[in-house]
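Biologist: Could we go through this model together? Please show me the sequence and the structure.

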Amino acid sequence: SVLAEADHKPERLLQMLRAVQAQYLHIPQAAIEQLAAALHIPRTQIIAVAEFYSFLHLTPQGRYDIHISDSITDRMLGKEKLLNYLAEKLKVKTGQVRADGLVSLNNTSCTGMCDQGPAALVNGYALTRLDHAKIDLIAELIEQQAPLLEWPAELFAVDEPIRKPGLLLNQPFNNGAAIAATLARGLMETLAEVDCSNLRGRGGAGFKTALKWRTCSVQTDTPHYVICNADEGEPGTFKDRMLLDLYADQVFEGMTLCAAIIGSDQGLLYLRAEYLFLYEQLQRVLKRRRESGLLGRNILGRDGFDFDIEIRMGAGAYICGEASAQIESLEGKPGIPRVKPPNSVICGYQRKPTVVDNVETFFAATHIAIQGGLWFAEVGTAQSTGSKLLSISGDCARPGIYEYPFGTLVKDILRDCGADDVMGVQVGGPSGTFISNRELQRRIAFEDLSTAGSFMVFNSSRSIFDIVQNFTDFFAHESCGFCTPCRVGTTLLKNQLRKIVEGNGAAVDLEELSELCLIVKNTSHCGLGDSAANPILSTLASHPELYLNQLKQSSFTPGFDLDATLAVARRMAQRDDDAAHLSQVEN
Ligand code: SF4
(Lines give C-alpha, C1' and ligand atoms only; values in the text may rest on other atoms or scores of the structure.)
Protein backbone atom coordinates (compact mmCIF):
# COMPACT_ATOMS: atom_id res chain seq x y z
CA SER A 1 0.00 0.00 0.00
CA VAL A 2 2.98 2.31 0.62
CA LEU A 3 4.06 1.76 -2.98
CA ALA A 4 0.56 2.19 -4.35
CA GLU A 5 0.03 5.42 -2.43
CA ALA A 6 3.26 6.78 -3.85
CA ASP A 7 2.25 5.59 -7.32
CA HIS A 8 5.48 3.55 -7.53
CA LYS A 9 7.39 6.76 -8.24
CA PRO A 10 11.03 6.71 -7.04
CA GLU A 11 10.92 10.48 -6.49
CA ARG A 12 8.43 9.79 -3.71
CA LEU A 13 10.92 7.54 -1.89
CA LEU A 14 11.16 9.86 1.10
CA GLN A 15 7.38 9.78 1.48
CA MET A 16 7.43 5.98 1.26
CA LEU A 17 10.14 5.71 3.91
CA ARG A 18 8.18 8.02 6.19
CA ALA A 19 5.13 5.77 5.75
CA VAL A 20 7.15 2.59 6.42
CA GLN A 21 8.64 4.10 9.54
CA ALA A 22 5.24 5.23 10.83
CA GLN A 23 4.16 1.60 10.63
CA TYR A 24 7.26 -0.24 11.87
CA LEU A 25 8.96 2.47 14.03
CA HIS A 26 11.99 2.16 11.74
CA ILE A 27 12.89 1.14 8.18
CA PRO A 28 13.29 -2.66 8.28
CA GLN A 29 15.73 -4.40 5.94
CA ALA A 30 12.83 -6.31 4.37
CA ALA A 31 11.13 -3.04 3.42
CA ILE A 32 14.37 -1.78 1.89
CA GLU A 33 14.64 -4.94 -0.23
CA GLN A 34 11.02 -4.66 -1.37
CA LEU A 35 11.28 -0.98 -2.24
CA ALA A 36 14.54 -1.53 -4.11
CA ALA A 37 12.98 -4.31 -6.19
CA ALA A 38 9.74 -2.45 -6.89
CA LEU A 39 11.34 0.89 -7.72
CA HIS A 40 14.33 -0.57 -9.59
CA ILE A 41 16.83 1.36 -7.53
CA PRO A 42 19.83 0.01 -5.59
CA ARG A 43 19.18 -0.80 -1.95
CA THR A 44 22.26 1.24 -1.07
CA GLN A 45 20.47 4.29 -2.44
CA ILE A 46 17.56 3.65 -0.09
CA ILE A 47 19.90 3.16 2.85
CA ALA A 48 21.70 6.41 1.95
CA VAL A 49 18.38 8.26 2.07
CA ALA A 50 17.35 6.64 5.35
CA GLU A 51 20.70 7.52 6.91
CA PHE A 52 20.65 11.12 5.70
CA TYR A 53 17.49 12.35 7.43
CA SER A 54 17.36 12.81 11.20
CA PHE A 55 13.80 11.54 11.52
CA LEU A 56 14.37 8.28 9.65
CA HIS A 57 15.90 5.31 11.46
CA LEU A 58 17.28 1.94 10.48
CA THR A 59 16.88 0.62 14.03
CA PRO A 60 13.59 0.56 15.96
CA GLN A 61 12.58 3.65 17.91
CA GLY A 62 10.10 3.74 20.75
CA ARG A 63 6.38 3.50 20.07
CA TYR A 64 6.34 7.00 21.48
CA ASP A 65 9.29 8.72 19.84
CA ILE A 66 9.98 12.02 21.58
CA HIS A 67 12.28 14.74 20.26
CA ILE A 68 12.90 17.77 22.46
CA SER A 69 13.69 21.03 20.71
CA ASP A 70 17.21 22.18 21.51
CA SER A 71 16.95 25.71 20.14
CA ILE A 72 18.57 28.44 22.23
CA THR A 73 15.13 29.90 23.03
CA ASP A 74 13.96 26.51 24.34
CA ARG A 75 17.08 26.37 26.48
CA MET A 76 16.35 29.85 27.82
CA LEU A 77 12.90 28.59 28.83
CA GLY A 78 14.36 25.74 30.86
CA LYS A 79 14.47 22.96 28.26
CA GLU A 80 17.44 21.18 29.79
CA LYS A 81 15.78 20.71 33.20
CA LEU A 82 12.54 19.58 31.59
CA LEU A 83 14.40 17.06 29.44
CA ASN A 84 16.07 15.60 32.54
CA TYR A 85 12.73 15.53 34.34
CA LEU A 86 11.07 13.71 31.43
CA ALA A 87 13.96 11.25 31.15
CA GLU A 88 13.68 10.51 34.86
CA LYS A 89 9.90 10.08 34.75
CA LEU A 90 10.05 7.75 31.76
CA LYS A 91 13.20 5.99 32.92
CA VAL A 92 14.91 6.45 29.60
CA LYS A 93 18.20 8.14 28.75
CA THR A 94 18.47 10.84 26.09
CA GLY A 95 19.50 9.27 22.81
CA GLN A 96 18.16 5.85 23.79
CA VAL A 97 15.15 3.58 23.41
CA ARG A 98 13.73 2.19 26.64
CA ALA A 99 14.32 -1.54 27.06
CA ASP A 100 10.61 -2.37 26.64
CA GLY A 101 10.55 -0.40 23.37
CA LEU A 102 7.74 1.85 24.57
CA VAL A 103 9.53 5.18 24.38
CA SER A 104 12.62 6.82 22.87
CA LEU A 105 13.97 10.24 23.74
CA ASN A 106 16.21 12.53 21.70
CA ASN A 107 17.21 16.11 21.23
CA THR A 108 16.41 17.75 17.93
CA SER A 109 17.20 21.07 16.28
CA CYS A 110 14.61 23.84 16.48
CA THR A 111 11.02 22.67 15.88
CA GLY A 112 9.67 26.03 14.72
CA MET A 113 7.87 26.77 17.99
CA CYS A 114 10.27 29.33 19.47
CA ASP A 115 7.38 31.61 20.42
CA GLN A 116 5.79 28.85 22.52
CA GLY A 117 8.60 26.70 23.86
CA PRO A 118 9.88 24.64 25.43
CA ALA A 119 8.63 22.45 22.63
CA ALA A 120 8.95 18.84 21.53
CA LEU A 121 7.65 16.38 18.98
CA VAL A 122 5.95 13.11 19.78
CA ASN A 123 5.75 10.81 16.76
CA GLY A 124 6.25 13.96 14.69
CA TYR A 125 3.47 16.04 16.26
CA ALA A 126 4.33 19.29 18.02
CA LEU A 127 3.95 19.65 21.79
CA THR A 128 4.20 23.23 23.02
CA ARG A 129 4.75 25.22 26.21
CA LEU A 130 5.99 22.21 28.13
CA ASP A 131 6.16 22.44 31.90
CA HIS A 132 6.36 19.96 34.75
CA ALA A 133 2.58 19.44 34.88
CA LYS A 134 2.42 18.69 31.14
CA ILE A 135 5.36 16.34 31.40
CA ASP A 136 3.66 14.47 34.25
CA LEU A 137 0.61 14.08 32.03
CA ILE A 138 2.64 13.01 28.98
CA ALA A 139 4.53 10.41 31.01
CA GLU A 140 1.25 9.07 32.38
CA LEU A 141 -0.32 8.84 28.91
CA ILE A 142 2.72 7.01 27.59
CA GLU A 143 2.76 4.51 30.46
CA GLN A 144 -0.96 3.92 29.86
CA GLN A 145 -0.11 3.45 26.15
CA ALA A 146 -2.87 5.91 25.21
CA PRO A 147 -3.09 6.49 21.43
CA LEU A 148 -2.01 10.03 20.44
CA LEU A 149 -5.51 10.70 19.14
CA GLU A 150 -6.80 10.33 22.70
CA TRP A 151 -4.27 12.73 24.24
CA PRO A 152 -5.79 16.05 25.39
CA ALA A 153 -5.86 18.53 22.50
CA GLU A 154 -4.28 21.29 24.61
CA LEU A 155 -0.99 19.37 24.60
CA PHE A 156 -0.82 19.91 20.83
CA ALA A 157 -2.18 23.47 20.78
CA VAL A 158 -0.18 25.69 18.44
CA ASP A 159 -1.04 29.39 18.71
CA GLU A 160 -0.42 31.84 15.91
CA PRO A 161 0.08 35.11 17.78
CA ILE A 162 -0.07 37.86 15.15
CA ARG A 163 0.99 40.83 17.26
CA LYS A 164 1.33 43.41 14.52
CA PRO A 165 -0.30 42.90 11.14
CA GLY A 166 0.79 45.27 8.38
CA LEU A 167 0.62 45.75 4.64
CA LEU A 168 -0.07 42.11 3.72
CA LEU A 169 -1.63 40.53 6.79
CA ASN A 170 -4.21 43.34 6.91
CA GLN A 171 -5.29 42.92 3.29
CA PRO A 172 -8.79 41.55 2.70
CA PHE A 173 -8.79 38.56 0.36
CA ASN A 174 -11.36 36.50 -1.53
CA ASN A 175 -10.36 33.09 -2.82
CA GLY A 176 -9.58 33.22 -6.50
CA ALA A 177 -9.16 37.02 -6.58
CA ALA A 178 -5.45 36.94 -7.47
CA ILE A 179 -5.89 34.32 -10.18
CA ALA A 180 -8.85 36.23 -11.64
CA ALA A 181 -6.85 39.48 -11.58
CA THR A 182 -3.92 37.72 -13.29
CA LEU A 183 -6.09 36.28 -16.04
CA ALA A 184 -7.94 39.57 -16.56
CA ARG A 185 -4.79 41.68 -16.72
CA GLY A 186 -2.76 39.19 -18.75
CA LEU A 187 0.12 36.94 -17.73
CA MET A 188 3.00 39.08 -18.95
CA GLU A 189 1.27 42.19 -17.64
CA THR A 190 1.04 40.56 -14.20
CA LEU A 191 4.70 39.59 -14.41
CA ALA A 192 5.38 43.27 -15.15
CA GLU A 193 3.51 44.16 -11.94
CA VAL A 194 5.64 41.71 -9.95
CA ASP A 195 8.67 43.30 -11.59
CA CYS A 196 7.52 46.81 -10.75
CA SER A 197 6.88 45.76 -7.13
CA ASN A 198 10.57 44.81 -6.88
CA LEU A 199 9.53 41.82 -4.75
CA ARG A 200 12.60 39.89 -3.59
CA GLY A 201 12.65 36.33 -2.27
CA ARG A 202 11.67 36.18 1.40
CA GLY A 203 13.65 33.03 2.18
CA GLY A 204 16.79 35.03 2.88
CA ALA A 205 18.71 35.25 -0.40
CA GLY A 206 16.61 38.15 -1.72
CA PHE A 207 16.75 37.19 -5.40
CA LYS A 208 14.43 39.29 -7.53
CA THR A 209 11.20 37.31 -7.98
CA ALA A 210 10.16 38.66 -11.39
CA LEU A 211 13.58 37.89 -12.85
CA LYS A 212 13.39 34.32 -11.60
CA TRP A 213 9.89 33.84 -12.99
CA ARG A 214 10.73 35.44 -16.34
CA THR A 215 13.87 33.32 -16.75
CA CYS A 216 11.86 30.19 -16.09
CA SER A 217 9.00 31.22 -18.37
CA VAL A 218 11.29 31.56 -21.41
CA GLN A 219 12.95 28.14 -21.02
CA THR A 220 11.99 25.93 -23.95
CA ASP A 221 12.60 22.71 -22.05
CA THR A 222 9.36 21.40 -20.52
CA PRO A 223 7.59 20.75 -18.22
CA HIS A 224 8.15 23.63 -15.80
CA TYR A 225 7.63 23.24 -12.06
CA VAL A 226 6.66 25.48 -9.14
CA ILE A 227 8.03 24.60 -5.71
CA CYS A 228 6.99 26.29 -2.50
CA ASN A 229 9.79 26.04 0.02
CA ALA A 230 8.07 25.47 3.36
CA ASP A 231 11.12 23.92 5.00
CA GLU A 232 11.36 26.71 7.52
CA GLY A 233 14.31 25.32 9.45
CA GLU A 234 16.26 28.39 10.53
CA PRO A 235 16.08 28.44 14.34
CA GLY A 236 13.87 31.28 15.50
CA THR A 237 11.71 31.36 12.36
CA PHE A 238 8.03 30.42 12.44
CA LYS A 239 6.24 32.95 10.21
CA ASP A 240 5.74 30.40 7.40
CA ARG A 241 4.07 28.13 9.96
CA MET A 242 1.59 30.93 10.65
CA LEU A 243 1.02 31.65 6.94
CA LEU A 244 0.34 27.99 6.16
CA ASP A 245 -1.88 27.68 9.21
CA LEU A 246 -3.97 30.82 8.65
CA TYR A 247 -3.35 32.04 5.08
CA ALA A 248 -2.85 28.82 3.10
CA ASP A 249 -5.24 29.87 0.32
CA GLN A 250 -3.16 32.97 -0.33
CA VAL A 251 0.04 30.93 -0.50
CA PHE A 252 -1.48 28.37 -2.89
CA GLU A 253 -2.91 31.20 -4.96
CA GLY A 254 0.56 32.73 -5.33
CA MET A 255 1.87 29.37 -6.54
CA THR A 256 -1.01 29.13 -9.00
CA LEU A 257 -0.47 32.53 -10.58
CA CYS A 258 3.26 31.79 -10.79
CA ALA A 259 2.33 28.56 -12.61
CA ALA A 260 0.21 30.51 -15.07
CA ILE A 261 3.08 32.90 -15.75
CA ILE A 262 5.86 30.33 -16.13
CA GLY A 263 3.67 27.73 -17.86
CA SER A 264 3.61 24.99 -15.25
CA ASP A 265 0.96 22.43 -14.48
CA GLN A 266 2.61 20.86 -11.42
CA GLY A 267 3.42 22.42 -8.07
CA LEU A 268 5.04 20.91 -5.00
CA LEU A 269 4.96 22.19 -1.47
CA TYR A 270 7.90 20.92 0.58
CA LEU A 271 6.68 20.95 4.17
CA ARG A 272 9.20 20.61 6.97
CA ALA A 273 8.69 17.46 9.04
CA GLU A 274 8.20 19.48 12.20
CA TYR A 275 5.00 20.96 10.73
CA LEU A 276 3.29 17.58 10.39
CA PHE A 277 0.37 19.03 12.36
CA LEU A 278 -0.41 21.20 9.31
CA TYR A 279 -0.43 18.37 6.77
CA GLU A 280 -4.07 17.25 6.98
CA GLN A 281 -5.50 20.76 7.07
CA LEU A 282 -3.42 21.79 4.07
CA GLN A 283 -4.72 18.76 2.19
CA ARG A 284 -8.25 19.91 3.02
CA VAL A 285 -7.50 23.39 1.65
CA LEU A 286 -6.18 21.86 -1.57
CA LYS A 287 -9.28 19.68 -1.89
CA ARG A 288 -11.57 22.66 -1.41
CA ARG A 289 -9.65 24.64 -3.99
CA ARG A 290 -9.95 21.78 -6.50
CA GLU A 291 -13.69 21.63 -5.86
CA SER A 292 -13.94 25.41 -6.38
CA GLY A 293 -12.15 25.31 -9.70
CA LEU A 294 -9.05 27.04 -8.31
CA LEU A 295 -6.84 24.00 -8.91
CA GLY A 296 -7.02 21.15 -11.40
CA ARG A 297 -8.13 21.36 -15.04
CA ASN A 298 -9.19 24.61 -16.72
CA ILE A 299 -8.78 26.79 -13.65
CA LEU A 300 -11.49 29.47 -13.35
CA GLY A 301 -12.85 28.24 -16.66
CA ARG A 302 -9.71 29.19 -18.60
CA ASP A 303 -9.17 26.52 -21.26
CA GLY A 304 -5.81 24.81 -20.86
CA PHE A 305 -4.95 26.46 -17.55
CA ASP A 306 -4.20 23.27 -15.60
CA PHE A 307 -2.30 23.23 -12.34
CA ASP A 308 -2.27 21.16 -9.19
CA ILE A 309 -0.21 21.06 -6.02
CA GLU A 310 1.18 18.08 -4.14
CA ILE A 311 2.47 18.28 -0.58
CA ARG A 312 5.64 16.38 0.24
CA MET A 313 7.06 16.11 3.73
CA GLY A 314 10.67 16.56 4.72
CA ALA A 315 12.27 14.30 7.32
CA GLY A 316 14.42 16.50 9.53
CA ALA A 317 17.29 18.01 7.54
CA TYR A 318 17.93 21.75 7.82
CA ILE A 319 19.98 21.71 4.63
CA CYS A 320 16.83 20.90 2.63
CA GLY A 321 15.84 24.55 3.03
CA GLU A 322 18.52 25.24 0.41
CA ALA A 323 16.74 25.20 -2.96
CA SER A 324 18.87 22.67 -4.81
CA ALA A 325 19.10 20.37 -1.76
CA GLN A 326 15.32 20.56 -1.51
CA ILE A 327 14.99 19.54 -5.14
CA GLU A 328 17.26 16.55 -4.52
CA SER A 329 15.08 15.63 -1.56
CA LEU A 330 11.92 15.99 -3.65
CA GLU A 331 13.48 13.58 -6.12
CA GLY A 332 13.79 11.00 -3.35
CA LYS A 333 17.50 11.46 -2.65
CA PRO A 334 19.64 12.73 0.23
CA GLY A 335 19.34 16.51 0.37
CA ILE A 336 22.82 17.41 -0.80
CA PRO A 337 23.11 20.83 -2.47
CA ARG A 338 23.84 20.65 -6.18
CA VAL A 339 26.83 22.14 -7.89
CA LYS A 340 25.79 25.39 -9.62
CA PRO A 341 25.44 26.50 -12.35
CA PRO A 342 23.06 25.52 -13.76
CA ASN A 343 20.58 27.19 -11.46
CA SER A 344 17.31 25.42 -10.67
CA VAL A 345 15.37 27.96 -12.69
CA ILE A 346 17.00 26.36 -15.75
CA CYS A 347 17.69 22.84 -14.51
CA GLY A 348 15.70 22.11 -11.36
CA TYR A 349 13.22 19.41 -10.34
CA GLN A 350 13.66 16.38 -12.63
CA ARG A 351 16.31 18.52 -14.41
CA LYS A 352 13.54 20.77 -15.73
CA PRO A 353 13.07 24.55 -15.32
CA THR A 354 11.78 25.18 -11.82
CA VAL A 355 10.83 28.17 -9.72
CA VAL A 356 11.54 27.61 -6.02
CA ASP A 357 10.19 30.36 -3.79
CA ASN A 358 9.52 30.80 -0.13
CA VAL A 359 6.02 30.66 1.41
CA GLU A 360 6.04 34.39 2.16
CA THR A 361 7.13 35.24 -1.40
CA PHE A 362 4.09 33.49 -2.89
CA PHE A 363 1.88 35.12 -0.25
CA ALA A 364 3.19 38.57 -1.22
CA ALA A 365 2.84 37.81 -4.95
CA THR A 366 -0.86 37.06 -4.43
CA HIS A 367 -1.48 40.56 -3.11
CA ILE A 368 0.72 42.19 -5.74
CA ALA A 369 -1.35 40.45 -8.43
CA ILE A 370 -4.47 42.01 -6.94
CA GLN A 371 -3.22 45.44 -5.90
CA GLY A 372 -0.49 46.04 -8.47
CA GLY A 373 3.25 46.51 -8.19
CA LEU A 374 3.28 50.20 -7.29
CA TRP A 375 1.11 49.64 -4.23
CA PHE A 376 3.82 47.31 -2.91
CA ALA A 377 6.82 49.32 -4.09
CA GLU A 378 5.66 52.45 -2.27
CA VAL A 379 6.39 50.72 1.05
CA GLY A 380 9.87 49.95 2.37
CA THR A 381 13.24 51.15 1.08
CA ALA A 382 14.76 51.51 -2.38
CA GLN A 383 16.34 48.06 -2.41
CA SER A 384 13.86 46.36 -0.08
CA THR A 385 10.31 47.11 -1.08
CA GLY A 386 7.19 46.03 0.77
CA SER A 387 6.99 44.54 4.21
CA LYS A 388 8.68 41.72 6.09
CA LEU A 389 7.19 39.21 8.47
CA LEU A 390 9.29 38.70 11.57
CA SER A 391 9.14 35.79 13.99
CA ILE A 392 10.09 37.31 17.32
CA SER A 393 11.17 35.14 20.23
CA GLY A 394 13.43 35.19 23.26
CA ASP A 395 13.51 37.80 26.02
CA CYS A 396 10.47 39.90 25.25
CA ALA A 397 6.99 40.27 26.73
CA ARG A 398 5.15 39.60 23.46
CA PRO A 399 6.79 36.95 21.23
CA GLY A 400 4.99 36.20 17.98
CA ILE A 401 4.52 37.43 14.41
CA TYR A 402 5.11 41.06 13.46
CA GLU A 403 4.87 42.64 10.03
CA TYR A 404 6.97 45.75 9.37
CA PRO A 405 7.78 47.87 6.35
CA PHE A 406 11.36 47.19 5.32
CA GLY A 407 13.62 49.83 6.81
CA THR A 408 12.16 49.63 10.32
CA LEU A 409 14.70 50.23 13.08
CA VAL A 410 15.59 47.37 15.41
CA LYS A 411 14.97 49.62 18.42
CA ASP A 412 11.36 50.22 17.31
CA ILE A 413 10.77 46.50 16.95
CA LEU A 414 12.18 45.89 20.42
CA ARG A 415 9.86 48.52 21.85
CA ASP A 416 6.82 46.89 20.19
CA CYS A 417 7.59 43.39 21.42
CA GLY A 418 8.28 44.55 24.97
CA ALA A 419 11.99 43.84 25.19
CA ASP A 420 13.84 45.49 28.09
CA ASP A 421 17.46 45.45 29.13
CA VAL A 422 18.51 44.10 25.74
CA MET A 423 22.03 42.69 25.48
CA GLY A 424 21.78 41.75 21.81
CA VAL A 425 19.59 40.52 19.00
CA GLN A 426 20.24 37.66 16.60
CA VAL A 427 18.73 38.77 13.30
CA GLY A 428 18.25 36.08 10.68
CA GLY A 429 18.83 33.06 12.90
CA PRO A 430 22.19 31.34 13.47
CA SER A 431 23.19 32.02 9.86
CA GLY A 432 22.38 35.71 10.30
CA THR A 433 23.93 38.52 12.31
CA PHE A 434 24.30 39.12 16.03
CA ILE A 435 23.99 42.80 16.89
CA SER A 436 24.81 44.26 20.29
CA ASN A 437 22.76 46.85 22.15
CA ARG A 438 25.05 49.51 20.67
CA GLU A 439 23.66 48.77 17.19
CA LEU A 440 19.92 49.07 17.70
CA GLN A 441 19.67 51.91 15.16
CA ARG A 442 20.23 49.39 12.42
CA ARG A 443 17.39 48.53 10.02
CA ILE A 444 15.65 45.42 8.77
CA ALA A 445 16.43 45.58 5.04
CA PHE A 446 18.46 43.70 2.45
CA GLU A 447 20.89 46.63 2.45
CA ASP A 448 21.47 46.40 6.22
CA LEU A 449 20.16 43.48 8.30
CA SER A 450 18.84 40.85 5.93
CA THR A 451 16.65 38.17 7.46
CA ALA A 452 14.36 35.38 6.41
CA GLY A 453 12.32 36.29 9.49
CA SER A 454 14.09 35.12 12.63
CA PHE A 455 14.51 37.80 15.31
CA MET A 456 15.74 36.46 18.67
CA VAL A 457 16.09 38.82 21.61
CA PHE A 458 18.56 38.32 24.46
CA ASN A 459 18.65 40.34 27.68
CA SER A 460 21.65 41.06 29.86
CA SER A 461 21.16 37.92 31.94
CA ARG A 462 22.16 35.78 28.94
CA SER A 463 25.61 34.47 28.15
CA ILE A 464 26.82 35.22 24.64
CA PHE A 465 28.84 32.02 24.74
CA ASP A 466 25.72 29.94 25.46
CA ILE A 467 24.16 31.45 22.34
CA VAL A 468 27.20 31.05 20.11
CA GLN A 469 27.85 27.49 21.28
CA ASN A 470 24.23 26.52 20.64
CA PHE A 471 24.41 27.92 17.10
CA THR A 472 27.82 26.39 16.37
CA ASP A 473 26.65 22.98 17.62
CA PHE A 474 23.60 23.38 15.41
CA PHE A 475 25.69 23.82 12.26
CA ALA A 476 27.98 20.92 13.14
CA HIS A 477 24.90 18.75 13.55
CA GLU A 478 23.19 19.95 10.37
CA SER A 479 26.21 19.85 8.03
CA CYS A 480 25.23 17.41 5.29
CA GLY A 481 28.77 16.05 5.14
CA PHE A 482 29.23 16.47 1.39
CA CYS A 483 32.27 18.75 1.46
CA THR A 484 35.26 18.51 3.76
CA PRO A 485 35.61 22.17 4.84
CA CYS A 486 32.12 22.14 6.29
CA ARG A 487 31.92 18.51 7.46
CA VAL A 488 35.22 18.69 9.34
CA GLY A 489 35.38 22.44 9.82
CA THR A 490 32.08 22.82 11.68
CA THR A 491 33.15 20.17 14.19
CA LEU A 492 36.55 21.80 14.59
CA LEU A 493 34.84 25.15 15.17
CA LYS A 494 32.63 23.58 17.81
CA ASN A 495 35.59 21.99 19.62
CA GLN A 496 37.85 25.02 19.37
CA LEU A 497 35.13 27.31 20.67
CA ARG A 498 34.45 24.95 23.57
CA LYS A 499 38.14 24.88 24.45
CA ILE A 500 38.23 28.68 24.69
CA VAL A 501 34.91 28.99 26.52
CA GLU A 502 36.01 26.41 29.07
CA GLY A 503 39.13 28.45 29.85
CA ASN A 504 41.63 26.12 28.19
CA GLY A 505 42.49 28.45 25.34
CA ALA A 506 45.62 30.50 24.74
CA ALA A 507 46.06 33.42 22.34
CA VAL A 508 47.11 31.00 19.64
CA ASP A 509 43.78 29.19 19.98
CA LEU A 510 41.85 32.37 19.37
CA GLU A 511 43.95 33.02 16.26
CA GLU A 512 43.31 29.47 15.13
CA LEU A 513 39.57 29.91 15.73
CA SER A 514 39.51 33.03 13.55
CA GLU A 515 41.46 31.27 10.80
CA LEU A 516 39.16 28.26 10.94
CA CYS A 517 36.14 30.55 10.62
CA LEU A 518 37.52 31.99 7.40
CA ILE A 519 38.47 28.59 5.98
CA VAL A 520 34.99 27.18 6.60
CA LYS A 521 33.36 30.34 5.27
CA ASN A 522 35.44 30.69 2.13
CA THR A 523 35.86 27.10 1.01
CA SER A 524 32.54 25.38 1.73
CA HIS A 525 30.25 24.27 -1.05
CA CYS A 526 26.96 25.89 0.00
CA GLY A 527 25.34 28.54 2.15
CA LEU A 528 25.36 26.41 5.29
CA GLY A 529 29.14 26.26 5.34
CA ASP A 530 29.33 29.87 4.25
CA SER A 531 27.34 30.99 7.29
CA ALA A 532 28.36 28.36 9.89
CA ALA A 533 31.05 30.63 11.31
CA ASN A 534 28.81 33.72 11.43
CA PRO A 535 27.84 33.33 15.11
CA ILE A 536 31.53 33.30 16.08
CA LEU A 537 32.60 35.98 13.62
CA SER A 538 29.83 38.41 14.50
CA THR A 539 30.31 38.06 18.27
CA LEU A 540 34.09 38.26 17.88
CA ALA A 541 33.47 41.57 16.12
CA SER A 542 30.91 42.91 18.58
CA HIS A 543 32.38 41.51 21.83
CA PRO A 544 36.11 40.80 21.32
CA GLU A 545 36.78 41.44 25.01
CA LEU A 546 34.64 38.44 25.96
CA TYR A 547 36.84 36.09 24.01
CA LEU A 548 40.06 37.72 25.23
CA ASN A 549 38.93 37.42 28.85
CA GLN A 550 38.53 33.67 28.41
CA LEU A 551 42.18 33.20 27.50
CA LYS A 552 43.43 32.05 30.87
CA GLN A 553 46.29 29.91 29.58
CA SER A 554 49.60 31.57 28.85
CA SER A 555 50.85 28.69 26.73
CA PHE A 556 49.26 26.14 24.46
CA THR A 557 47.18 23.41 26.08
CA PRO A 558 45.82 20.51 24.06
CA GLY A 559 42.06 20.60 23.56
CA PHE A 560 41.80 16.98 24.64
CA ASP A 561 43.28 14.60 27.22
CA LEU A 562 46.44 13.26 25.52
CA ASP A 563 47.03 10.54 28.08
CA ALA A 564 43.47 9.25 27.82
CA THR A 565 43.81 9.21 24.04
CA LEU A 566 46.73 6.79 24.37
CA ALA A 567 44.59 4.27 26.27
CA VAL A 568 43.83 2.30 23.09
CA ALA A 569 47.53 2.03 22.27
CA ARG A 570 48.27 0.86 25.83
CA ARG A 571 45.58 -1.80 25.56
CA MET A 572 46.98 -3.04 22.25
CA ALA A 573 50.52 -3.10 23.66
CA GLN A 574 49.23 -4.70 26.87
CA ARG A 575 51.09 -2.13 28.90
CA ASP A 576 49.96 0.06 31.75
CA ASP A 577 53.22 0.85 33.48
CA ASP A 578 54.22 4.40 34.41
CA ALA A 579 56.40 4.80 31.33
CA ALA A 580 53.40 4.15 29.11
CA HIS A 581 51.66 7.23 30.50
CA LEU A 582 52.26 10.60 29.00
CA SER A 583 52.96 12.50 32.21
CA GLN A 584 55.77 9.99 32.97
CA VAL A 585 57.21 10.39 29.49
CA GLU A 586 57.29 14.18 29.95
CA ASN A 587 59.06 13.88 33.27
FE1 SF4 B 1 26.92 20.04 2.93
FE2 SF4 B 1 28.11 21.84 4.50
FE3 SF4 B 1 29.17 21.29 2.18
FE4 SF4 B 1 26.83 22.63 2.31
S5 SF4 B 1 28.80 23.36 2.99
S6 SF4 B 1 27.36 20.93 0.94
S7 SF4 B 1 25.93 21.63 4.13
S8 SF4 B 1 28.92 19.83 3.89
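Biologist: Which strands does helix H17 lie across, and at about what angle does it run to S12?

Modeller: This is a predicted model, in which local features need pLDDT of at least 70, side-chain atom pairs count only at pLDDT 80 or more, and totals for chains, interfaces and linings use all residues. Residues are numbered from 1 along each chain as its sequence is written. Helix H17 (residues 410-417) lies across S6, S11, S12, S13 (422-427), S14 and S15 (454-459), and runs at about 145° to S12. Helices (H or I, at least four residues) and strands (E, at least two) are DSSP runs numbered from the N terminus; contact means C-beta atoms, placed from the backbone, within 7 Å. Axes are lines fitted to C-alpha atoms, for helices over the stretch in contact, with angles from 0 to 180 degrees between N-to-C directions.

Biologist: In what order do the six strands form the open sheet?

Modeller: The order is S6-S12-S11-S15-S13-S14, with mixed pairing; two strands pair if DSSP finds at least two bridges between them. S6 (162-164) and S14 (433-436) are the edge strands, each pairing on one side only.

Biologist: How many bridges join S11 to S12?

Modeller: Six bridges join S11 (residues 387-394) to S12 (residues 400-405), and the two run antiparallel. Leu390 has Tyr402 in S12 as its bridge partner.

Definitions and conventions:
Contact = placed C-beta atoms within 7 Å.
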